[in-house]
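The text below walks through the fold, then the ligands, then the packing.

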Amino acid sequence: MQWMNTKGGYGWLAIALHWLAAIAVIAMLVTGFQAGFAGDAGDRAARSALMGLHISIGASVILILLARVVSSYLQPRPTPPEQAPFLQFLSSATHQVLLLAILLQVVSGPLAVWSGGRAIHVFDLFSLPSPFAARNQGIHEIAETLHAIGRWALVGAISLHVLGALKHVIIDRDGVMRRILAPSKS
Ligand code: HEM
Ligand code: HEM
């Protein structure tokens with residue numbers, strides 16, 4: 001069983017974390033934007049329920065997301081597929097933006113809650129109390145701004161990333177998709 005990455009391809013650890021984190025990030029985008037839309041529509045009860053869900057899911061997946069980023073930087077990176085230098089650059093820049101934006105969200109999200117003087121409530125099961133003695137408006141605004149930058153960075157980079165993956169499947173047919181589904185045998 002090949003657990004770790006090699007220059008030749010991804011191992012099971014990176015593959016499992018890639019897909020677990022992909023599902024978690026999509027769930028966070030969907031619940032976050034739904035909460036935003038409910039707020040824009042003036043439905044405070046729905047916004048609060050969806051935000052509660054967003055924060056509960058976020059707190060539950062935070063360790064997976066952190067493990068995903070750390071494991072990506074600690075492991076060897078498989079050799080990128082042969083393609084034009086501009087596409088090589090775009091692909092690795094997109095990967096960096098994805099990893100850094102995940103990190104930004106898992107730091108700024110909890111900080112936005114705690115600096116608001118509130119605890120993080122996880123599905124009515126338990127709470128993570130705020131390390132701030134009182135609301136800190138300055139830090140709260142910085143955290144919200146960083147959280148907004150992170151969400152748009154994720155939306156842009158995920159769109160590029162999925163388009164790139166489709167290009168490799170439909171046009172290049174070079175096995176790049178296969179290597180994020182299972183370790184290569186060679
Ligand atoms: C349908 C959705 C997705 C598809 C089809 C997909 C496909 C792929 C493929 C084929 C690779 C391998 C690229 C290579 O070997 O050069 C890859 C790597 C990667 N993917 Fe995705 N992906 C998806 C969703 C996501 C999401 C939502 C994120 C993050 C938010 C993400 C982050 C990454 C990163 C950072 C890498 C680089 C490898 C690493 O550092 O572990 N992917 N993805
Ligand atoms: C990859 C992870 C995450 C993504 C993609 C994400 C995405 C989003 C989105 C799209 C919104 C928009 C709401 C609006 O339009 O008003 C939002 C808001 C928010 N999120 Fe997250 N989030 C993530 C992680 C977290 C975590 C881990 C927490 C806390 C445990 C959190 C707490 C919040 C809070 C308090 C808000 C409302 C304040 C604000 O708009 O900045 N988020 N998030």
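What follows goes from the overall layout to single residues.

This is a predicted model: local features need pLDDT of at least 70, side-chain atom pairs count only at pLDDT 80 or more, and totals for chains, interfaces and linings use all residues. Residues are numbered from 1 along each chain as its sequence is written, while chains are lettered from A and ligands numbered from 1 in the order in which they are written.

Start with the fold. The chain has five helices and two strands. Helices (H or I, at least four residues) and strands (E, at least two) are DSSP runs, numbered from the N terminus. Along the sequence, the order is α-α-α-β-β-α-α. The C-alpha trace spans about 55 × 35 × 25 Å along its principal axes. Of the 186 residues, 19% count as buried. Buried means that 20 or more other C-beta atoms lie within 10 Å of a residue's own; exposed means 12 or fewer, and partly exposed is in between, with C-beta atoms placed from the backbone. Two residues are in contact if their C-beta atoms, placed from the backbone, lie within 7 Å. Among contacts in the chain with a separation of 6 or more, 68% join residues 24 or more positions apart.

Now the ligands. A residue counts as near a molecule if its C-beta atom, placed from the backbone, lies within 6 Å of it. Ligand 1 has 21 residues around it, and Ala22, Ser72, His95, Ala165 and Ile180 come nearest. Helices H1 (12–40), H3 (85–115), H4 (137–172) and H5 (176–179) each supply at least two residues of that shell. By class, the shell around ligand 1 holds 16 nonpolar, four polar and one charged residues. Here Ala, Val, Leu, Ile, Met, Phe, Trp, Tyr, Cys and Pro count as nonpolar, Asp, Glu, Lys and Arg as charged, and the others, Gly among them, as polar.

Ligand 2 has 25 residues around it, with Met28, Gly32, Gly36, Gly58 and Gly109 nearest. Its shell draws at least two residues from each of H1, H2 (44–74), H3 and H4. H1 gives the most, eight residues. The classes are 15 nonpolar, eight polar and two charged.

Next, follow H4. This helix has 36 residues and reaches 50 Å from its first C-alpha to its last, close to the 52 Å expected at 1.5 Å a residue. The expected span is 1.5 Å times one less than the number of residues. Its buried residues are Ala143, Gly150, Arg151, Leu154 and Ala157. H1 and H3 are included in what covers them. Just after H4, Arg173 takes a positive phi of about 45 degrees.

Which residues make up the largest nonpolar core? They are Ala21, Ala24, Met28, Leu65, Leu98, Ala101, Ile102, Val106, Leu154 and Ala157, ten in all. Such a core is a set of buried Ala, Val, Leu, Ile, Met, Phe, Trp, Tyr and Cys residues joined through C-beta atoms within 7 Å. H1, H3 and H4 each supply at least two residues of this core. H3 gives the most, with four. Ala101 is in contact with Gly150, Ala153, Leu154 and Ala157, leaving aside its neighbours within four places in sequence. Apart from this core lies another, of seven residues, among them Ala59, Leu111, Val113 and Trp114.

Finish at Gly9, in the segment before H1. Gly9 is buried because 20 other C-beta atoms lie within 10 Å. Not counting residues up to four places away in sequence, Gly9 touches Pro78, Arg179, Pro183 and Ser184.
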